[in-house]
Amino acid sequence: MTRRKLPVDIVATMRLPRDPKKILKLDLSALAWSAHGLGRIGRPDPALLDLLEIARTVHEFDRRQPKRTTGVRAKQVHVTMPLREPARWTSAAKNELSAMLRVQGNAEWKFDFTKRKTGTTSADLVFGGSGKEKTKPKKAVKDHPPPIENVVLFSGGIDSTAGLATLMKQVNKTLLVAYYARNRTKQESIANELGFRRLVQIGSSWTIAEAAPRVGGQFIYRSFLFLALAVLLTDATNAKSLFQFENGPLALAVEPLDLYRITRHAHPLVHRHLANLFNALTDRTINLSNPFLNRTKGEAVELLRSGLAKDQFKRIIALTETCWYLNSKIIVAGRPRKKNGKPCGACVPCLVRKAALGPDDTAAAVDFSNGGGRIARDPVVRVHYESYSAFAERLLDKGFNVYEFMETIPAATRNALRDGGEMTPAEALALYRRFAEEWARTYT
């Protein structure tokens with residue numbers, strides 16, 4: 001692999017005039033990928049390797065922003081970086097890329113791509129080279145597994161785990177694609193428990209100059225990296241379908257209050273722009289979907305529960321991770337503390353998880369379904385619980401109709417529901433009401 005630098009320059013203009021521009025300089029030759037279970041795949045399209053490195057660059061920028069609890073926001077981000085095939089990135093492709101990132105982060109992204117002047121990077125070596133030739137799937141014979149038909153983006157969370165329950169009859173034709181940090185062993189254990197042996201786990205690390213901004217983390221663009229990885233492997237294996245399982249209320253990203261910024265990891269517009277981008281880059285189509293768009297997390301959990309014995313269900317649920325503060329000693333941002341590695345029970349993911357699982361959930365530092373105890377009286381610890389309780393009450397009000405619902409939801413979600421997409425406004429409101437009913441059953 002080359003040791004010559006492949007410079008990437010990122011300049012971010014912030015929303016408030018008093019905040020100076022943020023500059024991040026990276027080097028693609030210092031980005032290292034690792035893989036477990038990759039095996040042999042068809043040669044990746046070089047434009048999709050470029051897409052993967054673009055996504056990892058966006059993720060690194062995202063990691064080095066202030067936390068979402070601050071008011072510091074990027075208004076415009078300008079990226080200059082070298083690619084294998086910059087000519088494939090037409091105006092149409094760049095427009096789809098920028099539109100997808102605007103949906104995820106509400107910022108304007110501009111890209112200037114140049115021709116790479118030096119050799120391979122870690123991505124070329126790990127994913128099998130940068131040639132254009134694609135291998136055809138082998139015929140299923142006794143000594144070889146059948147061709148892959150489905151690729152599933154697998155995080156090890158409840159939604160992606162529950163999604164596997166819908167593919168149990170296609171276990172040998174399904175490839176799970178996971179990006180891991182600290183949870184590689186848990187991802188592997190869940191897949192093995194459910195009988196999915198075809199699991200690819202990818203990690204990466206980037207050696208950054210000491211002068212680079214410290215990591216805080218917004219993580220609003222993180223799923224772009226996961227999806228880019230899954231798209232690359234879907235194309236390389238000639239799979240028919242790519243699934244990202246995420247419950248509808250999270251995918252549609254309707255905030256309980258305006259002050260929230262819910263991530264749009266599997267938003268319908270993100271999927272739509274990514275599919276259009278894939279077509280613009282390759283002149284091929286990809287079948288990317290979220291089968292859980294019209295399901296609550298509780299309904300997804302019931303799918304998983306129905307196909308498993310009770311003890312196996314409990315084992316698998318205990319392996320799934322949700323909490324924002326799992327690897328921290330704080331509970332939200334309050335003064336009370338917890339053990340590192342224990343769910344807080346008070347962040348949004350923990351609360352929604354509890355509403356879906358009820359008494360089957362793993363123990364957390366706070367349990368509002370039982371009153372919460374002394375710790376839950378802290379006003380900071382209660383902030384998400386009270387916000388979502390008020391949201392659920394509003395949704396269940398008989399006078400709250402679809403017109404009021406459409407007026408209060410984010411513009412991106414309103415656009416997704418209005419243009420004849422995967423779901424109508426009435427279906428979306430019915431979905432959120434079912435979520436509110438789960439909340440009420442658990443907490444009131």
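Mentor: I begin with Ser223, which has its place in helix α6, residues 222-236. Helices (H or I, at least four residues) and strands (E, at least two) are DSSP runs, numbered from the N terminus. This is a predicted model, in which local features need pLDDT of at least 70 and side-chain atom pairs count only at pLDDT 80 or more, while totals for chains, interfaces and linings use all residues. Residues are numbered from 1 along each chain as its sequence is written, and side-chain values use heavy atoms, with hydrogens and water left out.

Ser223 has a relative accessible area of 1% and is therefore buried; the term buried means under 20% relative accessible area, exposed means over 50%, and partly exposed lies in between (1.4 Å probe, protein chains only). Leaving aside neighbours within four places in sequence, Ser223 is in contact with Gln104, Gln244, Arg264 and His265, where contact means heavy atoms within 4.5 Å.

Asn106 lies in the loop between α2 and β5 (108-115), and its phi is near 55°, a positive value in a residue other than glycine. Ala253, in the loop between α7 (248-252) and α8 (268-282), likewise has a positive phi, near 60°, and is not glycine. As background, most residues other than glycine have a negative phi.

Leu303 lies in helix α9, residues 297-306, and with a relative accessible area of 25% it is partly exposed. Not counting residues up to four places away in sequence, Leu303 touches Ala165, Thr166, Phe292 and Arg295. Between Leu303 and Val366 there are 63 residues in sequence and 27 Å in space, C-alpha to C-alpha.

I turn next to charged pairs. Side chains of opposite charge can pair when their charged atoms come close. Here a salt bridge is a side-chain nitrogen of Lys or Arg within 4 Å of a carboxyl oxygen of Asp or Glu, and a search of the whole structure finds 26 of them. One joins Lys25 to Asp9, with the closest N and O atoms 3.3 Å apart. That pair links distant parts of the chain, since Lys25 is in strand β2 (residues 22-27) and Asp9 is in strand β1 (residues 7-14), 16 residues apart. Lys25 is exposed, at a relative accessible area of 57%, while Asp9 is partly exposed at 31%.

A second bridge runs between Asp45 and Arg88, whose closest N and O atoms are 2.8 Å apart. Asp45 lies in the loop between β3 (31-36) and α1 (46-63) and Arg88 in the loop between β4 (74-83) and α2 (91-105), so this bridge ties together parts that are 43 residues apart in sequence. Asp45 is buried, with a relative accessible area of 7%. Elsewhere, salt bridges that share partners join Asp45, Glu85, Arg88, Asp235 and Arg284 into one network.

Finally, the setting of the whole chain. The protein chain has 15 helices and 10 strands. Along the principal axes, its C-alpha atoms fill a box of roughly 65 × 60 × 45 Å. A compact globule of 444 residues would have a radius of gyration near 22 Å, and the protein chain agrees with this at 22 Å; the radius is taken over C-alpha atoms, and the globule rule is 2.2 Å times the number of residues to the power 0.38. Buried residues make up 53% of the 444. Among contacts between residues at least 6 apart in sequence, 75% join residues at least 24 apart. The accessible surface comes to about 20,500 Å², of which 50% belongs to carbon and sulfur atoms; accessible areas come from the Shrake-Rupley method with a 1.4 Å probe, and for residues only the protein chains shown count as cover.
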